[in-house]
Amino acid sequence: MDREMAQYNDGLIGQHESIRTLRSLIERVAKSPVRTVLIYGETGTGKGLVARMLHRGSSRAKREFAEINCAAIPAGLMESELFGHEKGAFTGAIERKIGLIEAADGGSVFLDEIREMELTLQAKLLTLLDTHQFRRVGGVRATTVDVRYIAATNKVLLSEVNAGHFREDLYYRLQVVALNIAPLRDRGDDVLILARHFIDKFNRQYDRRISGLSDEVAQIFLQYPWPGNVRELENLLERIFILEDDDVVLPTHLPDRILRTVRAGGPSSSTGGHAYSAALPPEGGFHDATAAFQRELIVRALKDAENNLQKAATALKISRHALRHQMLKLGILDA
Ligand SMILES: Nc1ncnc2c1ncn2[C@@H]1O[C@H](COP(=O)(O)OP(=O)(O)OP(=O)(O)O)[C@@H](O)[C@H]1O
Ligand SMILES: [Mg+2]
């Protein structure tokens, strides 16, 4: 089974209300005769996955799912990619070419990063959405197709309309059935469910037995704002599978970027805490909180120093004696 199929079979993982709602919407929309769907979500939230689910869940599933990234194709080639061209339509058009839309007749076309489509092509797309007809480049006859158009964007299209980058009429046309994918940081515990899912997947793929996240990592994951969303989480875990030998995911496996953001109280940090608020008692006052913070700092330094007291003290920039004293005070060492 190829990677794409495997991803589809797993579906949209998560239990957060927004994801449950999205799953049932996808199912409804997939089965409906709706021809145009817009998917909105930040980078890495699962727009590609949702587009595939819309296709596979529809009566079009056995036909083509054609995908085009409007940001990746040079503007000059885009029209012929989408609509095809007639022989001799332009220099180099030595043969007639069937475009993506014609090839996907009966199926779905996924127009990724629709905001990047040129304004003139946006106008042609709008005509296609309204009439189900288009002309190949250099062609005179209109061709009629039966296609579902699934567009995706990570830009707030209305602002793009106001900035003159996106046609208003096309915006309203696409907006009729719009699916919104929440950013990962707004999905509560789903980050842990997804981490579990990816750990299981990579255990199989890399023949490993990583049991899961350490409690500290779980807390960090809950606080980190995940600007790259699910893709960032997936890539991060895969990197750990490749680079680390431990059988549990530890804070030391995480890149500084994540630790720093969380320590600084990343934007989504609900507790407004630092990296070590994992150790905070829920209603802890100043003393409990700072003690937890100190304990965490010391435990981490000890771990990094492989329990060598002198090394840990040096890393913490305190004397060995002061470290011992703190450890006794914090109950890390028994007197
Ligand atoms: N809820 C989810 N459950 C399981 N896997 C998910 C989920 N959301 C995303 N993924 C996986 O995360 C990765 C990123 O998702 P996808 O490529 O669909 O995001 P995207 O929104 O299209 O990103 P971009 O804006 O960068 O194109 C994929 O491997 C996808 O299968
Ligand atoms: Mg994508």
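Predicted model: local features only at pLDDT ≥ 70, side-chain atom pairs only at ≥ 80, totals over all residues.
Asp-207 sits in the loop that runs between α9 and α10, and its backbone has a positive phi of about 50° although Asp-207 is not a glycine. Of the 335 residues of that chain, 31% count as buried.

**Residues in loops**

- Most residues other than glycine have a negative phi.
- His-132 is another residue that has a positive phi, here about 65°, although it is not a glycine. His-132 is placed in the loop between α6 and β6 (133–135), and because it has 15 C-beta neighbours inside 10 Å, His-132 counts as partly exposed.
- Val-34 is found in the loop between α2 and β1 (36–40), and its 16 C-beta neighbours inside 10 Å are the reason why Val-34 counts as partly exposed.
- When neighbours within four places in sequence are left aside, Val-34 is in contact with Val-29 and Val-177. Val-34 and Tyr-149 are 115 residues apart in sequence, yet their C-alpha atoms are 9.1 Å apart in space.

**How the chain folds back on itself**

- Among the contacts in the protein chain that join residues at least 6 apart in sequence, 71% are between residues at least 24 apart.

- In soluble globular proteins, nonpolar side chains tend to be buried together.
- The largest nonpolar core has 40 residues, and the members that touch the most other members are Ile-39, Val-50, Leu-54, Val-109, Leu-111, Ile-150 and Ala-151. Helix α3 (residues 47–56) gives the most to this core, with 5 residues.
- Once its neighbours within four places in sequence are left aside, Val-50 is in contact with Leu-12, Ile-26, Ile-39, Leu-179 and Ile-181.
- Another core, of 19 residues, lies apart from the largest one, and its members include Ile-199, Val-230, Leu-236 and Leu-237.

**Helix α2 with helix α3**

- The axes of helix α2 (residues 17–31) and α3 come within 8 Å and cross at roughly 45°, which means that α2 is oblique to α3.
- In this pair, α2 passes α3 in a right-handed crossing. The contact is made by Ile-26, Val-29 and Ala-30 on the α2 side and by Val-50, Met-53 and Leu-54 on the α3 side.
- Sorted by class, the contact of α2 with α3 has 6 nonpolar residues, with no polar and no charged ones.

**Helix α6 with helix α8**

- Helix α6 (residues 119–131) and helix α8 (residues 168–175) have axes that come within 9 Å and cross at roughly 40°, and α6 and α8 are therefore oblique to each other.
- The crossing in which α6 passes α8 is left-handed. From α6, the residues Gln-122, Leu-125, Leu-126 and Leu-129 meet Asp-169, Leu-170 and Arg-173 in α8.
- By class, the contact of α6 with α8 has 4 nonpolar residues, 1 polar residue and 2 charged residues.

- The crossing of α9 past α11 is right-handed. The residues of α9 that make the contact include Leu-194, Phe-198, Ile-199 and Phe-202, while those of α11 include Val-230, Leu-233, Leu-237 and Phe-241.
- By class, the contact of α9 with α11 has 11 nonpolar, no polar and 2 charged residues.
- In helix α10 (residues 215–223), the buried residues are Glu-216, Val-217, Gln-219, Ile-220, Phe-221 and Gln-223. The buried residues of α10 pack against α9 (190–206) and α12 (256–263).

Technical notes: Residues numbered from 1 in each chain as written. Chains lettered and ligands numbered in written order. Core = buried A, V, L, I, M, F, W, Y, C linked by C-beta atoms within 7 Å. Buried ≥ 20, exposed ≤ 12 C-beta atoms within 10 Å, placed from the backbone. Helix = DSSP H or I, 4+ residues; strand = E, 2+ residues; numbered from the N terminus. Contact = placed C-beta atoms within 7 Å. Axes fitted to C-alpha atoms, helices over the stretch in contact; angles between N-to-C directions. Parallel < 35°, antiparallel > 145°, perpendicular 65-115°, else oblique. Left-handed = near helix turned anticlockwise from the far one by under 90°. Nonpolar A, V, L, I, M, F, W, Y, C, P; charged D, E, K, R; others polar.
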